[in-house]
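Trainee: Please take me through this structure, beginning with the terms that you will need.

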Amino acid sequence: MAQTQVTVPDLGGIDEVEVIEISVAQGDAVNEEDTILVLESDKATMEVPAPNAGTISDILVKVGDTVSSGTPVVMMDGAGDSSSSVVEASAQETVEEKAEPVIQTQEVAPSNGSGESQEIPVHVPDLGGVDNVEVIELAAKEGEELAAEDSLLVLESDKATMEVPIPQDGKLVSFHVKVGDTVSQGDLVATILASSGAASTENKPTEVPAQAPAPQTVPAKSAASAPIAKEPVTSVTTTSNKGVHAGPAVRKLARELGVPLDQVSSTGPRGRILKEDLQAFVKQRVNNPVAAGPAQVVGSDEDFSRFGPTESVPLNKIKQVTAKNMVQSWSTIPQVTQFDEADITELETYRKGAMQSQLPDGVKVSPLAFIMKACAMALKAFPQFNASLGPQGQTLIQKQYYNIGVAVDTPDGLLVPVVKDADQKGVIELAKGSAELAAKARDKKLPMDAMAGGTFTISSLGGIGGTSFTPIVTAPQVAILGVSKAQMKPVWNGKEFEPRLMLPLSMSYDHRVIDGAEAARFTRYLCELLTDTRNMLL
Ligand code: COA
C-alpha cells in the first residue's frame with residue numbers, strides 16, 4: 001500500500017501559519033477531501049484536506065506549531081491512486097480561496113491638499129475567480145473609527161470566508177451592501193473617510209474615487225495550489241470547535257475573549273455565529289456565572305529558585321477542583337461577612353452533662369450538631385438564605401428542602417458532604433449523620449452524590465481554634481456559616497461581668513441576594529436559638 005506524505009499547500013504568499021486544529025487521529029480512515037487539519041493566519045482560516053482516501057498513519061505536527069508551504073503534516077496509508085510519495089494537500093482539482101484579502105493601501109491625496117480627510121470607496125477585492133459571494137457580516141458600524149486592517153465586512157463563498165479590511169485608518173461613512181447581498185470583485189461595498197495623514201507610503205497619491213484604494217487579495221501563486229478553505233473550523237480550544245461556522249473576525253474575537261465557539265448559539269445565516277452571538281454569550285455568562293463553570297486558576301510562572309531552593313509539589317485533584325471553585329465563587333459573588341457571638345454556656349452545660357445519659361452508645365455530639373439544627377431552623381425562618389440566584393439574576397429560587405453541607409478537613413483537602421433534610425432530623429441524628437459522612441470523606445469512601453444538593457454550608461474550625469474567619473460562599477449557594485472556637489469571656493449582664501462561653505460565628509452571604517440587615521437578623525436569630533435551646537422546640 002502506498003504511503004503518502006501530505007504537505008502544507010501553497011499558502012499564497014503567506015510565510016507561516018499556525019496549526020489551530022488537528023481534525024484527525026492516528027488510525028482514522030479518511031475520504032478524499034476530508035479535513036485533516038486547520039491552519040490559520042492572522043486573517044484567514046484554511047482547512048487542509050486529504051488528497052485521497054486512506055488511513056492516517058502518522059501526524060507530524062501538533063496544535064500550535066507554525067508551518068509553511070511544503071511542511072509535511074501527516075503520513076497516510078493511501079487507498080488513493082497517487083503514486084507519488086509526497087502529496088501537496090491541495091493539489092486537487094478543487095479550486096479555492098486565495099488566502100485572505102489584504103488591502104494594499106494607497107495614499108490618498110487630500111482634495112485640497114490641506115490635510116483634510118478624504119472619502120474613499122472600498123471595493124470587493126480579487127476573489128480568486130469566485131463570483132457572487134455572500135455578505136455574511138458587517139463587522140463595523142457606520143460612523144465607527146477604525147484602524148487600518150480592521151475588518152469592515154465578511155464575505156463567504158460556499159467554501160471560504162474572507163474579511164474585507166479597511167485600507168487605512170479612518171471612519172466608516174457608510175456601507176453600500178447589507179448582510180445577505182451577493183457581491184463580486186470590484187463591487188462597491190463601503191465608503192470610508194480616511195483620517196488625515198493616515199496612509200501607507202507604498203503608493204503615491206493618485207486621483208481618488210475610481211482608482212481609490214481598491215482592495216486586492218494577496219496574490220496566490222496558483223489558485224489550484226492554494227489551500228482549500230471550506231468552512232473555517234478554527235478553535236479557541238483545540239478540537240471542540242470542529243464544524244463551528246464563524247468568520248475570522250468572530251473567531252479572533254472569540255479567542256481574545258476566551259469564548260469556546262462551540263458553546264455559542266448562532267443566529268446568522270446557515271448557522272453562522274455572529275459577533276452579536278458572541279456578545280450575547282458573554283453577557284449571559286457574566287450575568288449567570290454559575291453556568292459558566294469553574295474559572296481558571298492562574299498561578300505564577302516566576303522562577304522562585306532564583307531566590308533560594310524550592311520544591312514543586314503536585315496538587316491532587318481535590319485541591320485543584322477546590323481552587324477552581326474558590327476562584328469562581330470569590331470572583332463572581334459579591335460577598336460580605338457578618339460576625340456575631342452566641343452565648344452557648346447553657347448549651348454546653350447540657351451537652352456535656354445531662355445529655356450524655358441520653359446518647360446511644362458510641363455517639364458523640366459536638367456543638368456542631370446543635371449549630372446544624374439551629375441553621376435548619378433559621379433557614380426556614382429566612383428562606384432567602386436557602387436559595388440560589390436564577391438565570392440572569394432575575395429570580396431567586398428558594399428551596400423547600402434543607403440540605404446542609406459540612407466542610408470536612410481531610411488529608412487530601414477540603415470535602416463538603418451534605419446532610420440531607422437536616423430540618424427533619426434531631427440533634428443526635430445530625431451528629432451521627434455528619435460524623436459518618438466526615439469519616440467516609442476522610443477514608444475516601446464518599447460517593448459523589450453525598451456532596452450534591454447542598455443548600456447551605458457550615459465550616460466549623462471550632463475544634464482547631466481561632467477567633468473568627470471569613471468563609472467563602474460557594475455558588476450556587478448564597479450563604480455559609482463559619483464557626484470558630486468557643487471561649488469563656490466576661491460578658492456584662494447589666495450589673496456585672498459574668499463569665500460566659502461565647503461561640504464566634506462568621507456568616508458570609510451573597511450581597512446580591514441578601515441585605516446586610518437580613519444577614520444581621522439571621523445571625524442574631526441563630527445566636528438566640530443556640531443561647532437558649534428551648535427556642536428550638538418552639
Ligand atoms: N468551640 C469549641 N470547641 C469545639 C467547637 C467550637 N466551636 N467545635 C468543636 N469543638 C470541640 C468538640 O466538642 C471536640 O471536643 P471533644 O474532643 O472534647 O469532644 C473537639 O472540638 C473536636 O471536634 P471535631 O472533631 O472537630 O468535631 P466537630 O463536630 O466540631 O467537627 C468536622 C467535625 C468534620 C466539621 C471537623 O472535624 C472538621 O473537619 N473541621 C474542619 C472544617 C474545615 O476545614 N473548614 C475550613 C473550610 S474553609
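Mentor: Helices (H or I, at least four residues) and strands (E, at least two) are DSSP runs, numbered from the N terminus. This is a predicted model: local features need pLDDT of at least 70, side-chain atom pairs count only at pLDDT 80 or more, and totals for chains, interfaces and linings use all residues. Residues are numbered from 1 along each chain as its sequence is written, and side-chain values use heavy atoms, with hydrogens and water left out.

Trainee: Where is Glu 429 found, then?

Mentor: Glu 429 belongs to helix 6, which spans residues 427-442. Glu 429 counts as partly exposed because its relative accessibility is 44%; buried means under 20% relative accessible area, exposed over 50%, and partly exposed in between (1.4 Å probe, protein chains only).

Trainee: What separates the C-alpha atoms of Glu 429 and Val 363?

Mentor: A distance of 9.4 Å, although Glu 429 and Val 363 are 66 residues apart along the chain.

Trainee: Let us turn to salt bridges. How many does the count come to?

Mentor: The count is 14 salt bridges, each being a side-chain nitrogen of Lys or Arg within 4 Å of a carboxyl oxygen of Asp or Glu. One of them joins the side chains of Arg 500 and Asp 343, at 2.6 Å from N to O. Arg 500 lies in strand 28 (residues 497-510) and Asp 343 in strand 18 (residues 335-343), so this pair ties together parts that are 157 residues apart in sequence.

Trainee: Is that Arg 500 buried or exposed?

Mentor: Arg 500 is buried, because its relative accessibility is 14%. Asp 343 is buried too, with a relative accessible area of 14%.

Trainee: Which residues are linked with Asp 343 and Arg 500 in a network?

Mentor: Glu 346 and Glu 498 are; together with Asp 343 and Arg 500 they form a network of salt bridges.

Trainee: What about Glu 348 and Lys 352: how many residues apart are they in helix 4?

Mentor: They are four residues apart in helix 4 (residues 345-352), so about one helical turn separates Glu 348 from Lys 352. Their side chains meet in a salt bridge of 4.0 Å, N to O.

Trainee: A different contact now. With which side chain does the side chain of Ser 388 make a polar contact?

Mentor: With that of Lys 399, at 2.6 Å. A polar contact is a pair of N or O atoms within 3.5 Å; within protein, one must be able to donate a hydrogen and the other to accept it, and residues adjacent in sequence count only if both atoms are side-chain atoms. Ser 388 sits in strand 19 (residues 387-389) and is buried, with a relative accessible area of 7%.

Trainee: On to the backbone. Which residues does a cis peptide bond join?

Mentor: Ala 475 and Pro 476, with omega about 5 degrees. Pro 476 is in the loop between strand 25 (456-460) and strand 26 (479-483). Most residues other than glycine have a negative phi, and most peptide bonds are trans.

Trainee: What phi does Asn 132 have, and where is it found?

Mentor: Asn 132 is not a glycine, yet its phi is positive, about 50 degrees. Asn 132 occupies the loop between strand 10 (118-123) and strand 11 (133-138), and at 54% relative accessibility it counts as exposed. Lys 444 likewise has a positive phi, of about 60 degrees, without being a glycine. Lys 444 is in the loop between helix 6 and strand 25, and it is exposed at 65% relative accessibility.

Trainee: Finally, in which strand is Val 491 found?

Mentor: Val 491 is in strand 27 (residues 487-492) and counts as partly exposed, at 27% relative accessibility. The C-alpha atoms of Val 491 and Met 502 are separated by 9.0 Å, the two residues being eleven apart along the chain.
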